[in-house]
Amino acid sequence: EHSVFGGAGRIYITPRISVGPEITYMHGPDDDRDWFFLGNLIFDFRSPRSGRPPRVSPFVIGGGGFFTHSDRVGTGIYTSGEGTFAAGAGTRVHISERFYAVGDLRFGWEWHYRITGGIGVSM
């Protein structure tokens, strides 16, 4: 049960394959805090048509990077960090040609799962 905040970017290599960075902050109960710094690879199942994005675009995503966790242990805060990965699937729905809503489900290590949603802008 965490609140999740983050941001990501994408650079398209082909019309359906993109890469990009992601930073995610998870604020859990009490003093539980998590940060993810990932490089992602995304595959879109649908291609743009006539230079316009598809209205609904399912995708798979996988990424690797660094994870840091901190929590209260005894009388102090303990912090640790290690390599991590996360993978899953989601769907992007274009509200207009430039704006979209997105949701995804991912599983990863340090063992976690997350369901997230957001608003994006295509440039």
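The largest nonpolar core consists of 5 residues, namely Met 26, Phe 36, Leu 38, Phe 67 and Ala 86. A nonpolar core is here a set of buried Ala, Val, Leu, Ile, Met, Phe, Trp, Tyr and Cys residues joined through side-chain atoms within 4.5 Å. Buried stands for a relative accessible area under 20%, exposed for over 50%, and partly exposed for values in between, with a 1.4 Å probe and protein chains only. The model is predicted, with pLDDT of at least 70 required for local features and 80 or more for side-chain atom pairs, while totals for chains, interfaces and linings use all residues. Residues are numbered from 1 along each chain as its sequence is written, and side-chain values rest on heavy atoms, without hydrogens and water.

The chain holds 8 strands and 0 helices. Both are DSSP runs numbered from the N terminus, with helices (H or I) of at least four residues and strands (E) of at least two. Along the principal axes, the C-alpha atoms fill a box of roughly 60 × 25 × 20 Å. Of the 123 residues, 27% count as buried. The accessible surface amounts to about 7700 Å², and 63% of this belongs to carbon and sulfur atoms; areas come from the Shrake-Rupley method with a 1.4 Å probe, and for residues only the protein chains shown count as cover. Among contacts (heavy atoms within 4.5 Å) between residues at least 6 apart in sequence, 42% join residues at least 24 apart.

Another core member, Leu 38, is in contact with Gly 20. Gly 20 lies in strand β3 and also contacts Gly 9, Gly 39 and Asn 40, neighbours within four places being left aside. Gly 20 is classed as buried because its relative accessible area is 12%.

Gly 103 is placed in strand β7, residues 99-109. Its relative accessibility is 28%, so Gly 103 counts as partly exposed. Beyond four places in sequence, Gly 103 contacts Phe 59, Gly 90, Thr 91, Thr 116 and Gly 117. The C-alpha atoms of Gly 103 and Val 73, which are 30 residues apart along the chain, are separated by 34 Å.

The largest pocket contains about 1100 Å³ of space. Its lining comprises 46 residues, of which Ala 8, Arg 10, Arg 92, Tyr 100 and Val 102 are the closest to the centre. On a 1 Å grid over the protein atoms alone, a pocket is an open set of points where a 1.4 Å probe fits, with protein on both sides within 12 Å along at least five of seven lines, and lining residues have an atom within 4 Å of a point. Grid points are joined across faces, edges and corners, and the volume is the space filled by probe spheres set on the points. Strand β8 supplies the largest share of the lining, 7 residues.

Asp 30 lies in the loop between β3 and β4, and Ser 50 in the loop between β4 and β5. Asp 30 counts as exposed because its relative accessibility is 71%; Ser 50 counts as exposed at 79%.
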